[in-house]
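Hi everyone, thanks for making time. I'd like to walk you through one structure today, going from loops to domains to chains. Have a look at it first, and then we'll start.

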2 protein chains.
Amino acid sequence: MARPTPLSGFPEWLPAGRLVEQHVLDSLRRTFELHGFVGIETRAVEPLEQLLRKGETSKEVYVLRRLQEDDAEGADGADRQGQLGLHFDLTVPFARYVLENAGHLAFPFKRYQIQKVWRGERPQDGRFREFVQADIDVVGVGELPYHYEVELPLVIAEALGSLTDLGMPEVRILVNNRKVAEGFYRGLGLDDVDGVLRSIDKLDKIGPDAVAALLVAESGATEKQAAACLELAGISGDDAGVVERVRQLAADHGVVSDLLETGCDELGALVTAAAERAPGVVVADLKIARGLDYYTGSVYETVLVGHEQLGSICSGGRYDTLASDGVHTYPGVGLSIGVSRLVSRLLGAELVRATRAVPSAVVVAVTSEETRAASDRAAAALRARGIPVEVAPTAAKFGKQIKYADRRGVPFVWFPGRPAGVAEDGSPVEAVADQVKDIRSGEQVEADAASWEPPAEDLWPRAEAV
Amino acid sequence: MARPTPLSGFPEWLPAGRLVEQHVLDSLRRTFELHGFVGIETRAVEPLEQLLRKGETSKEVYVLRRLQEDDAEGADGADRQGQLGLHFDLTVPFARYVLENAGHLAFPFKRYQIQKVWRGERPQDGRFREFVQADIDVVGVGELPYHYEVELPLVIAEALGSLTDLGMPEVRILVNNRKVAEGFYRGLGLDDVDGVLRSIDKLDKIGPDAVAALLVAESGATEKQAAACLELAGISGDDAGVVERVRQLAADHGVVSDLLETGCDELGALVTAAAERAPGVVVADLKIARGLDYYTGSVYETVLVGHEQLGSICSGGRYDTLASDGVHTYPGVGLSIGVSRLVSRLLGAELVRATRAVPSAVVVAVTSEETRAASDRAAAALRARGIPVEVAPTAAKFGKQIKYADRRGVPFVWFPGRPAGVAEDGSPVEAVADQVKDIRSGEQVEADAASWEPPAEDLWPRAEAV
């Protein structure tokens with residue numbers, strides 16, 4: 001087999017990179033669990049007809065076929081009945097899981113879910129076709145209090161904030177409220193709310209003039225209405241003053257709307273709570289639209305400060321109908337972190353590195369293959385106290401064994417001693433104590449495997465800022 | 001959307017079941033890392049032609065197709081060039097990863113890998129079509145010392161042993177050595193070694209008479225040769241005596257073989273080391289054949305004591321050629337734990353349960369929506385010291401909020417007090433301290449969110465023996 005080459009769009013990390021990713025995943029999981037979110041996993045596949053309910057994503061689905069499938073099982077591509085596809089997000093599977101298990105879940109149900117998703121993008125687009133998402137959602141039955149729309153971005157702020165000491169840039173969570181936008185547009189006389197949102201969503205890409213033209217051409221806006229929409233989109237800020245500016249703008253344009261009022265109250269509550277609990281992290285930004293039409297309240301996007309061109313690394317919002325079984329409706333609010341995109345940037349821009357490429361804090365040297373069992377015993381004694389240890393692969397010269405540790409970034413080499421005994425010629429052999437060498441400083445001291453501890457910062461490998 | 005039904009072969013757990021699975025995965029990972037294995041993840045897909053190199057598994061492969069694939073991309077099922085399939089094990093992807101990244105890896109390379117795999121089994125077989133495997137392998141360049149064949153089953157013994165205090169039955173790791181079998185068969189005059197192994201592999205299923213008939217019919221054995229093969233398969237034991245019995249049997253049949261001798265030395269070394277380091281766990285069992293023809297030394301299977309009919313939950317062996325790029329050959333030894341099969345049995349037989357269904361140790365009650373911020377502050381103070389906490393969803397009557405905690409198995413409810421102040425009529429209001437209630441005992445005491453700790457066993461949910 002010739003040396004294989006990577007598959008475009010399917011990222012894989014070398015061990016040190018995976019260690020960084022694992023550190024990120026462990027940190028996220030810990031924050032989610034500290035906030036009471038329960039972890040679930042769903043299967044990788046869903047029935048194709050479920051995946052195709054969101055029309056705009058249909059072209060991204062990978063469909064599965066058993067290689068030796070019977071004709072009767074529906075190998076015919078035209079027959080979608082019973083066909084399976086890989087999930088392209090964690091929201092569709094979560095909605096299905098909630099419906100399927102509603103009788104066994106306690107609501108409001110707070111879950112996190114960290115899994116791979118797949119998107120059959122065109123290969124030439126250079127996008128990820130397989131990537132890890134970390135989602136949190138809260139879902140209720142029939143109703144879900146507004147305060148969860150405040151809580152969830154604050155949990156994300158804490159989760160992503162826990163990564164800053166390993167070199168992750170600061171984040172800004174940009175928030176808006178659909179009710180504000182919809183109330184304002186309708187109050188202006190524009191009823192094609194989805195169309196206006198889709199145009200506003202393009203603001204960063206195509207600029208205000210082109211958006212204004214789109215609003216006129218596609219949503220029937222007058223130039224004055226288009227200008228008002230752009231004025232609203234220009235408002236941002238991280239204190240309650242931002243809501244006052246929205247109210248003033250509405251008054252200037254004669255907009256009177258209960259929906260707008262509700263939205264302003266909600267957005268104001270979010271900004272106020274965030275200013276206390278995560279100062280400077282959450283910013284109201286009235287141009288955040290989120291293209292998807294199922295959001296009904298708060299919407300969120302998240303940028304890395306200094307890496308804004310990367311786009312949003314964590315998005316989401318409030319939806320009144322995550323799922324419905326005809327009897328009950330399940331409203332929810334959730335956010336999704338694009339972990340692969342984030343880790344890819346942290347590694348690619350060399351912002352973060354692993355302190356070493358293997359878990360081991362110690363390599364136990366082997367004096368001779370005949371005494372390997374003594375090295376194994378020293379290793380076991382260290383492991384029994386939670387110290388990650390490996391034993392050298394061969395009884396090479398100690399210099400070579402030290403190089404083995406050095407190549408992996410392992411900080412300590414352990415040299416097993418020997419018990420007192422009697423040599424072949426009958427003369428007494430004195431006991432030799434175990435020794436441990438810090439190969440960075442060269443310092444070597446006597447040590448006991450039953451009590452020695454490495455410094456806490458050397459115990460496990462970590463991700464750290466470069 | 002009507003209530004969806006589960007997909008046969010794609011297991012999913014409710015939150016409490018996932019918690020048990022997560023506990024198992026965390027325990028395995030910790031043991032692997034304590035032994036210096038580095039975690040990697042590979043993409044879920046491999047080129048179809050790679051997946052089909054192991055002929056016998058071809059019918060199990062799921063092939064991927066982009067729903068809106070261009071004809072030019074090879075939608076034609078007959079054209080396998082460039083087609084992708086889901087991996088059906090972690091060995092094929094690991095071999096590819098080693099070849100692809102050999103220049104960046106330090107050998108011997110010890111890795112663990114915990115991921116889902118997919119097998120397109122016939123739906124009516126009732127087998128898992130998606131399941132989690134946890135693999136460990138050590139791979140060298142050109143050579144790999146025998147002692148890793150001793151180390152790896154002992155790591156597995158420790159990993160699975162770490163699960164016994166949560167109700168997992170004891171395990172027996174059954175070991176054999178291909179060199180013993182091959183040396184013995186060839187010494188008897190039977191050269192169809194793979195055929196004999198395949199027949200012996202069926203011993204538990206079809207019994208000794210049928211195996212003897214197979215050996216005669218398919219491998220050209222005489223009845224005497226067949227009987228000798230069955231005698232060898234009948235030998236088992238957990239001390240070095242087992243190797244003596246093999247040597248005696250060989251002598252009885254006039255078998256002289258260097259390969260057999262090497263195999264006996266290796267098997268003896270493994271059993272002796274295991275008797276010291278994991279007494280009673282590793283058993284030499286000469287009927288263990290492992291159907292796959294790429295094993296060249298030790299082979300392993302693992303049964304749960306009392307649940308033997310479940311089959312092997314962890315199998316593997318030594319292979320001289322995990323991968324080869326024409327210049328270098330990469331020998332290895334590895335084992336693979338069938339995590340889903342194991343967890344499914346632990347849950348299905350009600351051997352294990354989660355102590356609660358959510359991470360939270362504490363629900364902070366909310367006195368009124370106006371004072372929710374006080375509850376949020378108490379929760380944040382507890383979380384800052386690593387205590388998992390959620391805040392009640394509504395300011396319902398306290399009895400209802402206690403029920404909310406009880407339904408989730410959360411042991412503590414926290415009642416925020418209030419600072420001293422002045423009432424509307426100008427009279428002084430005394431400060432009220434926070435209180436915490438253990439809802440199992442009903443005991444309620446004053447507490448300070450800056451210092452209170454739950455008992456260690458209540459801090460996080462755990463999996464425990466039923």
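Okay, let's begin with a proline: P108(B) sits in the loop between α3 (91-101) and β5 (109-118) of chain B. Before I go on, please keep in mind that what you see is a predicted model.

Now look over at chain A. There, the bond from F107(A) to P108(A) is cis too, and omega is near -5°. P108(A) is in the loop between α3 (91-101) and β5 (109-118) of chain A. Why point this out? Most peptide bonds are trans, and most residues other than glycine have a negative phi.

E350(A) isn't a glycine, and yet its phi is positive, near 50°. You'll find E350(A) in the loop between α11 (339-348) and β13 of chain A.

Now let's zoom out to the domains. How is chain A divided up? The domain assignment gives domain 1, covering 15-353, and domain 2, covering 362-465. Taken over C-alpha atoms, the centres of these two domains of chain A are 51 Å apart.

Where do they touch? On the domain 1 side of chain A, 9 residues are in contact with 5 residues of domain 2. For domain 1 and domain 2 of chain A, the buried area is about 570 Å², with 58% of it on carbon and sulfur atoms. In domain 1 of chain A, the residues that lose the most area to domain 2 are L19(A), H23(A) and R353(A), and together they make up 67% of what that side buries.

Which residue forms a salt bridge with R353(A)? That's E464(A), and the closest N and O atoms are 3.0 Å apart. Across this interface between domain 1 and domain 2 of chain A, the rule finds 1 salt bridge. The polar contacts between these two domains of chain A come to 2 residue pairs, counting pairs with both residues at pLDDT 80 or more.

And which elements do the touching? On the side of domain 1 of chain A that touches domain 2, α1 (15-34) and β13 (352-354) of chain A each give two or more residues. The largest share of that side comes from α1(A), with 3 residues. By residue type, that side of domain 1 of chain A splits into 5 nonpolar, 2 polar and 2 charged.

Next up, the two chains together. How many residues meet here? In chain A, 100 residues are in contact with 100 residues of chain B. The area buried between chain A and chain B is about 8400 Å², and carbon and sulfur atoms give 55% of that.

There are charged pairs here as well: the rule finds 12 salt bridges across the interface of chain A and chain B. One to click on is D376(B) with R277(A), where the closest N and O atoms are 3.0 Å apart.

Now for the strands. In general, strands of a sheet pair through backbone hydrogen bonds, either parallel or antiparallel. Here β3 (residues 62-66) of chain A pairs with β3 (residues 62-66) of chain B, antiparallel, over 5 bridges. In that pairing, Y62(A) stands opposite R66(B).

Let's finish inside chain B. An open sheet of 9 strands runs in the order β1-β5-β6-β12-β11-β10-β7-β9-β8, with mixed pairing. Its edge strands are β1 (38-39) and β8 (236-237) of chain B, each pairing on one side only. Within chain B, β11 (residues 314-324) and β12 (residues 329-338) pair in the antiparallel sense over 8 bridges. There, A323(B) stands opposite Y330(B) in β12(B).

Terms used. Residues are numbered from 1 along each chain as its sequence is written. Chains are lettered from A and ligands numbered from 1 in the order in which they are written. This is a predicted model: local features need pLDDT of at least 70, side-chain atom pairs count only at pLDDT 80 or more; totals for chains, interfaces and linings use all residues. Side-chain values use heavy atoms; hydrogens and water are left out. Domain bounds come from an automatic or database domain assignment. Contact means heavy atoms within 4.5 Å. Buried area is the accessible area (1.4 Å probe) that two parts lose on being put together, summed over both. A salt bridge is a side-chain nitrogen of Lys or Arg within 4 Å of a carboxyl oxygen of Asp or Glu. A polar contact is a pair of N or O atoms within 3.5 Å; within protein, one must be able to donate a hydrogen and the other to accept it, and residues adjacent in sequence count only if both atoms are side-chain atoms. Helices (H or I, at least four residues) and strands (E, at least two) are DSSP runs, numbered from the N terminus. Ala, Val, Leu, Ile, Met, Phe, Trp, Tyr, Cys and Pro count as nonpolar, Asp, Glu, Lys and Arg as charged, and the others, Gly among them, as polar. Two strands pair if DSSP finds at least two bridges between them.
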